[in-house]
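Colleague: I have a fold to learn before class, and I would like to go through it with you step by step. Could you put it up on the screen?

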Amino acid sequence: MKVGYARVSTKEQNEARQIQSMKENGVERIYIDKQSGKDFERPEYQKMISELKEGDIIVLHSLDRLGRNYDSIIEEWHRITKVIKADIVVLDMPLLDTTTRGNDLTGKFVADMVLQILSYVAANERDNIRKRQAEGIAIAKAEGKYKGRAKKKIDDELFEENKKKYDNGEITKVQFAQNIGVSRVTLDKLLKEIEK
């Protein structure tokens, strides 16, 4: 089966371009996450991996849609291609198409080398974004303009309703977070605040 994985970093971003390119490449099912690529704790990604079988093909619009953490990308690539024995096609980087290399040792070497370089570049860009963001915050604080991120208002009734379901084992923590419209990290903070 040919499946696609699309990711955007925020709910406001649009994944239409990624989806269009996958449909043009014969993808039968598309999994979409709207969250950061810092790690692989993403609900749709985890669902895709759990359903992936030997011989399946994952189609990505670009490598950074898989993730932005160098070591994690390399580990995940290995898990998909060597452990699960599925293939990966990166549409904007034909050298990272594992379906065409077969048993060709040179092809495998080139693909692995390109993957290492591109994973490094993706991780490096993530670090640079963090540094630029920290510099901007420092300047804004020095000028007295920094307000911090606006705290998200959560419906108390909705929160309590989902907390009961979570406590009773009816929903997972990921589902709990999704139901109230926050990230899992934010949910963990909220639960810790309640415990205190």
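Predicted model: local features only at pLDDT ≥ 70, side-chain atom pairs only at ≥ 80, totals over all residues.

Colleague: Fine. In which sense do E1 and E3 pair, parallel or antiparallel?

Modeller: Strand E1, which covers residues 2-8, pairs with strand E3, residues 57-60, in the parallel sense, and the pairing runs over 4 bridges. If you want a place to look, find Val 3, which stands opposite Ile 58 in E3.

Colleague: And what about E3 and E4?

Modeller: E3 and strand E4, residues 87-90, also pair in the parallel sense, again over 4 bridges, and here Ile 57 stands opposite Asp 87 in E4. Between these two strands the chain passes through helix H3, residues 70-83, and this β-α-β crossover is right-handed.

Colleague: Changing topic: which residues of H2 are buried?

Modeller: In helix H2, which spans residues 43-51, the buried residues are Tyr 45, Met 48 and Ile 49. They lie on the same side of H2, because the arc they cover around the axis is only 95°.

Colleague: What do those buried residues pack against?

Modeller: The buried residues of H2 pack against E1, E3 and H3, and also against strand E2, which is residues 29-34.

Colleague: Now the rings. How many aromatic pairs are there?

Modeller: The count comes to 4 aromatic pairs. In one of them, Tyr 5 and Tyr 45 have ring centres 5.2 Å apart and planes at 80°, and because an angle over 60 degrees counts as edge-to-face, that is what we call this pair. The pair links distant parts of the chain, since Tyr 5 is in strand E1 and Tyr 45 is in helix H2, 40 residues apart.

Colleague: Is Tyr 5 buried or exposed?

Modeller: Tyr 5 counts as buried, because its relative accessibility is 0%, and Tyr 45 likewise counts as buried at 0%.

Colleague: Which ring pairs with Tyr 45 in a tilted way?

Modeller: That is Phe 40, whose pair with Tyr 45 is tilted, with 5.0 Å from centre to centre and 45° between the planes. Phe 40 has a relative accessibility of 9%, so Phe 40 counts as buried. Taken together, ring pairs link Tyr 5, Phe 40 and Tyr 45 into a cluster.

Colleague: And where does Arg 42 lie?

Modeller: Arg 42 lies over the face of Tyr 45, at 5.5 Å from the ring centre.

Technical notes. Residues numbered from 1 in each chain as written. Heavy atoms only, no water. Pairing = 2+ DSSP bridges. Right-handed = clockwise from strand over helix to strand, strands pointing away. Buried < 20%, exposed > 50% of the residue type's maximum accessible area, 1.4 Å probe, protein only. Arc of directions from axis to C-beta. Contact = heavy atoms within 4.5 Å. Phe/Tyr/Trp six-rings, centres within 6.5 Å; stacked < 30°, edge-to-face > 60°. Lys NZ or Arg CZ within 6 Å of the ring centre and 35° of its normal.
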